[in-house]
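Please look over the sequence and the structure below. The paragraphs that follow lead through them step by step.

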Amino acid sequence: EGEFEPYQNEGLDGFTTTEWAGQQSWSNGNVALFGVSYLGSCAWLSVPFASSYLKTIVPMFTTQNTYSI
């Protein structure tokens, strides 16, 4: 339920997920994010939150500057 609001929570969600992945016992603490189009934008949006586990992003066919809704 609810309404989809693009680009509103993706940055924090990406940060939270990166922190979770980096702390798992199976993780070496190096996390990469990648995505095409919208998912690439989601990778960009998590960067300002500065997870110490995030080592690289690979956004493909996307833009760093999203449009206003």
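**A walk through the fold**

Ser41 is buried, because its relative accessible area is 3% and buried means under 20%, with exposed over 50% and partly exposed in between (1.4 Å probe, protein chains only). Accessible areas come from the Shrake-Rupley method with a 1.4 Å probe, and for residues only the protein chains shown count as cover. This is a predicted model, in which local features need pLDDT of at least 70 and side-chain atom pairs count only at pLDDT 80 or more, while totals for chains, interfaces and linings use all residues. Residues are numbered from 1 along each chain as its sequence is written, and side-chain values use heavy atoms, with hydrogens and water left out.

Ser41 belongs to helix α2. Helices (H or I, at least four residues) and strands (E, at least two) are DSSP runs, numbered from the N terminus. The chain has two helices and two strands, and along the sequence they follow the pattern α-β-α-β. Helix α2 covers residues 38–46, and its buried residues are Gly40, Ser41, Cys42, Ala43 and Ser46. These buried residues pack against α1 (10–22), β1 (31–36) and β2 (54–60), where contact means heavy atoms within 4.5 Å.

The strands come next. β1 and β2 run parallel and are joined by six bridges; two strands pair if DSSP finds at least two bridges between them. Val36 has Met60 as its bridge partner in β2.

Why is Phe34 exposed? Its relative accessible area is 64%, so Phe34 counts as exposed. Phe34 lies in β1 and touches Val58 and Met60, leaving aside residues up to four places away in sequence. Gly11 is 23 residues from Phe34 in sequence and 13 Å from Phe34 in space, C-alpha to C-alpha. Met60, in strand β2, is partly exposed because its relative accessible area is 30%.

Phe34, Val36, Val58, Met60 and Phe61 make a nonpolar surface patch of about 550 Å². Both β1 and β2 give two or more residues to this patch. Patches are made of residues with over 30% relative accessible area and no salt bridge, like charges being joined within 9 Å and nonpolar side chains (Val, Leu, Ile, Met, Phe, Trp, Tyr) within 5 Å. A salt bridge is a side-chain nitrogen of Lys or Arg within 4 Å of a carboxyl oxygen of Asp or Glu.

Aromatic rings are a further topic. Rings of Phe, Tyr and Trp (its six-membered ring) pair if their centres lie within 6.5 Å; planes under 30 degrees apart count as stacked, over 60 as edge-to-face and the rest as tilted. The count by this rule is four aromatic pairs. One of them is edge-to-face and joins Trp20 to Trp26, at 5.8 Å centre to centre with 65° between the planes. Trp20 and Trp26 are both exposed. Phe4, Tyr7 and Tyr38 form one aromatic cluster.

Finally, the chain as a whole. Of its 69 residues, 29% count as buried. Its accessible surface comes to about 5,100 Å², with 55% belonging to carbon and sulfur atoms. The C-alpha atoms fill a box of roughly 40 × 30 × 20 Å, taken along the principal axes.
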